[in-house]
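Please find below some notes for a colleague who is meeting this structure for the first time. They are set out as numbered points and may be read alongside the model.

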Amino acid sequence: EKLFRLFLFKFFIMSLEEEIKKRRTFGIISHPDAGKTTLTEKLLLFGGAINEAGAVKSNKIKKTAASDFMEIERQRGISVSTSVLAFNFKDKKINILDTPGHKDFAEDTYRTLTAVDSVIVVIDVAKGVEEQTEKLVEVCRMRQIPIIIFINKLDREGKDAFDLLDEVEKKLGLTVTPLSFPIGMGLNFKGIYNVWKKNIKIYQNDQKQIIGNKTTFNSLNDPELESIIGKKNIKNLKEELELIDGVYPSFEKNSYLNGDLHPVFFGSALNNYGVEDLLECFIEIAPFPLPKQSEKRIVEPKEEKFTGFIFKIHANMDPNHRNRLAFVKIVSGTFKRNTSYLHVRNNKNLKFSAPNTFFAEKKEIIEVSYPGDIVGLHDSGNFKIGDTLTSGESLNFIGIPNFSPEHFRYINNKNPMKAKQLEKGINQLMDEGIAQLFVLNLNGRKIIGTVGALQFDVIQYRLLNEYGAQCEYENINIYKACWVDGDKDCSSMDDFIRKKQKYLASDKKGKLVYLSDSEFTLKMAQQNYSDLKFHFTSEF
Ligand code: G4P
């Protein structure tokens, strides 16, 4: 019997490893309008998860709606269904995690990046590297997430390909290596040379919906190719390929996986062109689920016991169904329905009878999920972003920080009869990660800090509609919040606390936060207290 058990155990571990190797969990990031939604849709089309373009509802928040937060909430509702889009391609299971492009939701995006194993960055060929892309790539770089770049809209006139590669290197600070290269662009767009596969696919702009089946040539010297794209274009391409060979480092998978080298692809998502090359390469090189650091130790995906963490909580807008959906990324082992798991922060066992999985746009109840997968758990208010679930071990994953907010206001209670409701509402909304609460050390006043200005309206509206509480805001002049840390007994900490008393607060974990009122005073504080550390994310 012992032997049989050993056999079963080995079989289990082997099949778990197989499942892990199949998975690719990634996010697509871009500045709004670069083509993230279109690319996502085309990837799903290749995976056979949808049959026609236009099937994925746009999850982007339209520019015109920037001041209309109700509209934004409505669209946020739609985006639950696109929070995770899973599909199969060849023998791989691919999970795309949605990242809102709207800058007011940047913190949502930062946090989603804690749950991806790699990213694809979409850049508009005409606009080049834009502001939102710079910020998001910075977060990826900090975490050494492997990045592939997709330069989109080659069917339009845009910047020169080499200039764009330069711009990516300079503005994003990435070392690039083109794995494909365009032949012309705009009206003269003829096709793309695939450096990775060493072939050329001819561009035909009537193939938006067609999968595969593009005219492909394996040699630049093929006379038929010359008759299609012309002698001059071939000559140019040969020169450009020589230049690429001489100037850019050749692709090396390990450098990419370590976050040191970043492959670039060109294409037109709308015309379904270049997407297949990207996807084929992606499934070969992109990392499968990676080990994750916890406070105690590194957790390996192939460990038998389940662990996972919550990176996103989505509230239901409907006051009659106030349950929330918590998104868990599975780090190790298998997650099973109706099985008891430890919610580490509360030290409570929880069982889930209807965990959701996501396939294309559908939510389904699942029996079992593997590392890399995202599971949606119904929650009545137990969870906070960053919480860990395990099969029993008491461990906490790290690397899910709060980011320094940029907008601040006092929050006051407008209706003294509803103080409790307000307190509960604020706490739950903060658990969802909409904003951060700071309590001033001097007088206990509450300050809300957000990454986007829009969140203030959302909070006010939701407090009233979901908790029956009324709040009002009061302006406060704060430039930036940062976490301060240093030797507790050192004299400069004492001095800092005494002199900056007015500007000190505690975050939800009781950590010391300095709310500086200007860039200048922050700089001065950093200079004057050089043995203290000023952090711009909550984890250090
Ligand atoms: P986003 O999610 O990054 O915000 O961008 P999205 O995919 O919604 O694309 C933004 C606009 O760019 C859309 O046009 C889309 O059709 C267009 N687009 C995407 N890829 C390409 C491409 O390869 N070539 C060209 N020429 N256009 C592309 P829109 O008019 O704003 O929206 P829609 O009405 O077409 O949906």
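1. In this predicted model, a polar backbone atom of Gly35 lies 2.9 Å from an oxygen atom of the ligand. Asp33 also contributes through its backbone, where an N or O atom is 2.6 Å from a ligand oxygen. Thr37, by contrast, uses its side chain: a polar atom there is 2.4 Å from an oxygen atom of the ligand. On its own the ligand has 710 Å² of accessible area, and the protein covers 69% of this.

2. Which residues are closest to the ligand? They are Asp33, Lys36, Thr37, Thr38 and Ser268, out of 17 residues that surround the ligand. Helix α2, spanning residues 36-46, supplies the largest share of this shell, with three residues.

3. The fold as a whole deserves a brief description. The protein contains 14 helices and 31 strands. Of its 540 residues, 54% are buried. Among contacts with a separation of 6 or more, 72% join residues 24 or more positions apart. The protein exposes about 24400 Å², of which 49% is supplied by carbon and sulfur atoms.

4. Which residues of α6 are buried? They are Ala161, Phe162, Leu164, Leu165, Glu167, Val168 and Leu172.

5. The cysteines call for a separate remark. A disulfide is a covalent bond between the sulfur atoms of two cysteines. With sulfur atoms required to lie within 2.5 Å of each other, the count in this model comes to zero disulfides. Cys281 counts as buried because its relative accessibility is 0%, under the 20% limit. Cys482 is likewise buried, because its relative accessibility is 0%.

Conventions: Residues numbered from 1 in each chain as written. Predicted model: local features only at pLDDT ≥ 70, side-chain atom pairs only at ≥ 80, totals over all residues. Heavy atoms only, no water. Helix = DSSP H or I, 4+ residues; strand = E, 2+ residues; numbered from the N terminus. Buried < 20%, exposed > 50% of the residue type's maximum accessible area, 1.4 Å probe, protein only. Contact = heavy atoms within 4.5 Å. Areas by Shrake-Rupley, 256 points an atom, 1.4 Å probe, with all protein chains shown as cover. Near = heavy atom within 4 Å. Polar contact = N/O pair within 3.5 Å; in protein donor to acceptor, adjacent residues only side chain to side chain.
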